[in-house]
Amino acid sequence: MKFTKYIAAGMIALAGLTSCNDSFLETEYTQYLDEEAAAAVGDRNPNFFLNGIWSWMVTYSQTGNGTHDDFGYMGALHATDMMSEDIVMASSHWFNYDYQMDNHQEPYRRTLCHWLNFYTMIAKANDIIGLYPNGGETVTAKGLIGQAQAIRGLSYLHLIQLYQFASNEDGTVNASAPGVPLVLTTADGKTEEELATLLGRNTVGDVMAQIEKDLVAAVENLEAGYQRPNKNYIDASVANGILARYYLLANKWQDAANAANKARQGYTLMPATTAGLYDGFVTVNNPEWMWGFAHSTETQTTYASFFSMISNIAPGYAGIGYAPRLIDARLYSQIPDTDLRKAWFNGPEGDASQPTAAAQMPYANVKFGHVDDWTENYMYMRAAEMVLIEAEAYVRMGDGAKGAQVLKELMDLRQPGWNRPSVTVDDIHFQRRIELWGEGFAYYDLKRLNKGIDRTYEGNNHLAGYDIKVPARDTRWYYQIPLREIQENDLINEEDQNPL
């Protein structure tokens, strides 16, 4: 089937950062191993398979075009963040079309980047899941399968939000809308014939059901005794965190509160010190970080990297002045002066004491720092997000007082003296905009909450020509399926395409 050539992309080298070619690397890890031998390798050295996933997630130029706005998972998160109103580009450069909300159509590279990024993560996860058609019997095997299930669930969670409105206008799940292909394995209890039928556009409801199935199974497998070697890997806390994100989208409020609370146990919310709130968000050693990637000099990608784009302190595209990243002026003005996070950003007067001209600019963010050898760690999840999910879930259940009680755990360390008797969903969203600024949540929150953007207000600091207004549920909020997929997949044709 033509579909296999593209969507079921094969694997890159296990620890290398090789970019893909036009055939999308159909070679599999297990090419020279029979099923029994491959499973044995997984039992003895699970990292043999997992490292391929982690390296793909930080790979530069996944589409093979050599472009610097294509650097894996964090590249995908930054591209969507630029579609909000919270981040300002001081000048036009990489990600400018995302910032203009004009990068979602079928022939454009961004939709290809997203599609290839997440479906390759799925393909790699499937290689692992397929090693154990009867499920894992040892703690090591369960840990390996559980991490693969978590990655697959996370990938579909992103895809269903990128390529459709997963929620209706009233916030309920848009279950009958066309979603995305499901690429599974026979180890999922499907025949080859059944697997083939899933390669078209399954409904949002069907994709959501698979996400939940994967993530619940991941938690179960990872709670069977698996202990990760470091925060590059996924353990039960991280799997619960991904599950909490899913439950928030699925309107399963009590489940969201429970999963988020369980996920954050054992982590300490960062204090307002240079070893916490002001450490530049560069190290997984921060006590609040739950999951991330600890870059080495061999894995860092310098200019084609997240910190090159987001940090005005690093000597990358933002820091050397090509495209500094600023906070939206209106959002900054709404942050109370007593909020310790306000120091993540310059005020309208700028800050001449900062080390670079970009970091001295009015409204420049100094939240993200720099490590001299470009080994800033990538952050995928931290405990503060779990507090915010738990608080919102209680508000959604009609208990604003409980939501405030949960939120206060975070606010005591962010805005001393904060003491609200009750909070609303909008209150939680405002705190998410501040706390998670630049971390890849803004687009997903806007879609989930059915909110648009308005950069046209008087006194805005957005780049001329990018000061736009885009209402909720405008077609610019989702991506079209890549043209290459329509050309290669017999089960998706032009009539199946998302409308412009």
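## Exercises on helix packing

Helix α14 (residues 383-396) has 14 residues and spans 20 Å from its first C-alpha to its last, close to the 20 Å expected at 1.5 Å a residue; the expected span is 1.5 Å times one less than the number of residues. This is a predicted model, where local features need pLDDT of at least 70, side-chain atom pairs count only at pLDDT 80 or more, and totals for chains, interfaces and linings use all residues. Residues are numbered from 1 along each chain as its sequence is written, and side-chain values use heavy atoms, with hydrogens and water left out.

**Exercise 1.** Work out how many residues of α14 are buried, and what follows the helix.

*Solution.* Start with the cut-off: buried means under 20% relative accessible area, exposed over 50%, and partly exposed in between (1.4 Å probe, protein chains only). On that scale 13 of the 14 residues of α14 are buried, and the helix is mostly covered. Next, look past its end: Gly398 follows, with a positive phi near 90°.

**Exercise 2.** Describe how α4 packs on α6.

*Solution.* First, find the helices, which are DSSP runs (H or I, at least four residues) numbered from the N terminus. Helix α4 covers residues 73-81 and helix α6 residues 109-129; their axes lie 10 Å apart at an angle of about 140°. That angle makes α4 oblique to α6, since under 35 degrees counts as roughly parallel, over 145 as roughly antiparallel, 65 to 115 as roughly perpendicular and the rest as oblique. Then list the contacts (heavy atoms within 4.5 Å): Tyr73, Ala76, Ala79 and Thr80 of α4 meet Arg110, His114, Asn117 and Phe118 of α6. By class, this contact has 4 nonpolar, 3 polar and 1 charged residues.

**Exercise 3.** Now turn to α6 and α7: which way do they run relative to each other?

*Solution.* Helix α7 (residues 139-162) packs against α6 at about 155°, with the axes 8 Å apart. The two are therefore roughly antiparallel. On the α6 side, the residues in contact include His114, Phe118 and Ile122, and on the α7 side they include Leu144, Ala148 and Tyr156. Sorted by class, the contact of α6 with α7 has 14 nonpolar, 5 polar and 1 charged residues.

Key. Axes fitted to C-alpha atoms, helices over the stretch in contact; angles between N-to-C directions. Nonpolar A, V, L, I, M, F, W, Y, C, P; charged D, E, K, R; others polar.
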